[in-house]
Amino acid sequence: MNASPAVVGNACLPIVHKKVKSWKPRNTSDGNTLITSDHMHAYCAGLFDGDGCIYISRTHTKGRKNPTYRLCVNFAQSCTVTVNRFRDVLGVSSYLYEVERTTQHNRQAYSLRYDGKCAVEVIEIMRPYLLRKSAEADLALQFWLTCSVSLHPGPKGTPPEIWAKREALYRKMRALK
């Protein structure tokens with residue numbers, strides 16, 4: 001068993017996982033590949049279409065003139081084996097959280113979150129196979145490529161047209177929900 005950190009409310013708690021075999025392509029007896037990584041990426045995209053979320057986070061910090069925008073991808077499930085398989089197949093760095101239980105939950109839920117460049121990597125891997133979330137994926141990639149999100153502007157600050165573009169795409173993403 002191994003443990004990884006999880007956040008519940010403001011507290012960080014360990015999540016204990018049973019050792020799950022890592023995914024790898026399977027071959028038939030004649031050497032042909034039976035299940036490829038493309039198949040598994042399509043499988044993950046199908047899961048994500050149902051239980052995933054792509055969003056642009058906007059945070060206002062006290063004392064700052066403009067908000068901060070961040071691209072995020074979230075995948076939630078009540079089965080840790082499924083969440084871990086999803087993470088292993090995609091092979092992109094992520095955060096795993098226990099979702100705080102309420103009276104509406106029958107089982108403990110887990111949330112896998114990707115931010116920034118990692119979110120872009122996940123979207124690029126799954127994009128060819130997404131159906132319901134394809135418009136959100138395209139908008140997220142547009143946001144990442146055109147809004148200079150990782151730009152550190154220096155003393156002159158970020159140009160107003162970049163702020164306007166970020167806000168416009170943030171609102172457009174919210175309208176797709």
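Student: What makes β7 and β8 a pair?
Tutor: Two strands pair if DSSP finds at least two bridges between them. β7 and β8 have four bridges, in the antiparallel sense, so they meet the rule. In β8, S111 is the bridge partner of Y97.

Tutor: Two remarks on the source: the model is predicted, local features need pLDDT of at least 70, side-chain atom pairs count only at pLDDT 80 or more, and totals for chains, interfaces and linings use all residues. Residues are numbered from 1 along each chain as its sequence is written, and side-chain values use heavy atoms, with hydrogens and water left out.

Student: Why are β5 and β7 said to stand at the edges?
Tutor: The order in this open sheet of four strands is β5-β6-β8-β7. β5 and β7 (95-98) each have a single partner strand, so one side of each has no neighbour in the sheet. On average, neighbouring strands are turned by 30° against each other, direction ignored. Such angles run from 0 to 180 degrees between N-to-C directions, with axes fitted as lines to C-alpha atoms, for helices over the stretch in contact.

Student: Where does helix α2 lie?
Tutor: α2 (residues 80-90) lies across β6, β7 and β8, at about 20° to β8. Its buried residues include V83, F86 and L90. After α2 comes G91, with a positive phi near 65°.

Student: Why is I54 called buried?
Tutor: Buried means under 20% relative accessible area, exposed means over 50%, and partly exposed lies in between (1.4 Å probe, protein chains only). I54 has a value of 0%, so I54 is buried. I54 belongs to strand β5. In β6 (residues 68-77), seven of the ten residues are buried, and in the chain of 177 residues the buried share is 38%.

Student: What is I54 in contact with, beyond its neighbours within four places in sequence?
Tutor: Contact means heavy atoms within 4.5 Å. Leaving those neighbours aside, the contacts of I54 include F48, L71, V73, E136 and M173. I54 and E136 are 82 residues apart in sequence, but 6.5 Å apart in space, C-alpha to C-alpha.

Student: Which residues of the lining are closest to the centre of the largest pocket?
Tutor: The largest pocket has a volume of about 420 Å³. R64, T68, L151, W163 and R166 are the closest to its centre, out of 15 lining residues. β6 and α5 (160-176) are the elements that give two or more residues to this lining. A pocket is an open set of points on a 1 Å grid over the protein atoms alone, with protein on both sides within 12 Å along at least five of seven lines, and lining residues have an atom within 4 Å of a point. The volume is the space filled by probe spheres set on the points, which are joined across faces, edges and corners.

Notes. On a 1 Å grid over the protein atoms alone, a cavity is a set of points where a 1.4 Å probe fits but cannot get out, and a pocket is an open set with protein on both sides within 12 Å along at least five of seven lines; lining residues have an atom within 4 Å of a point.
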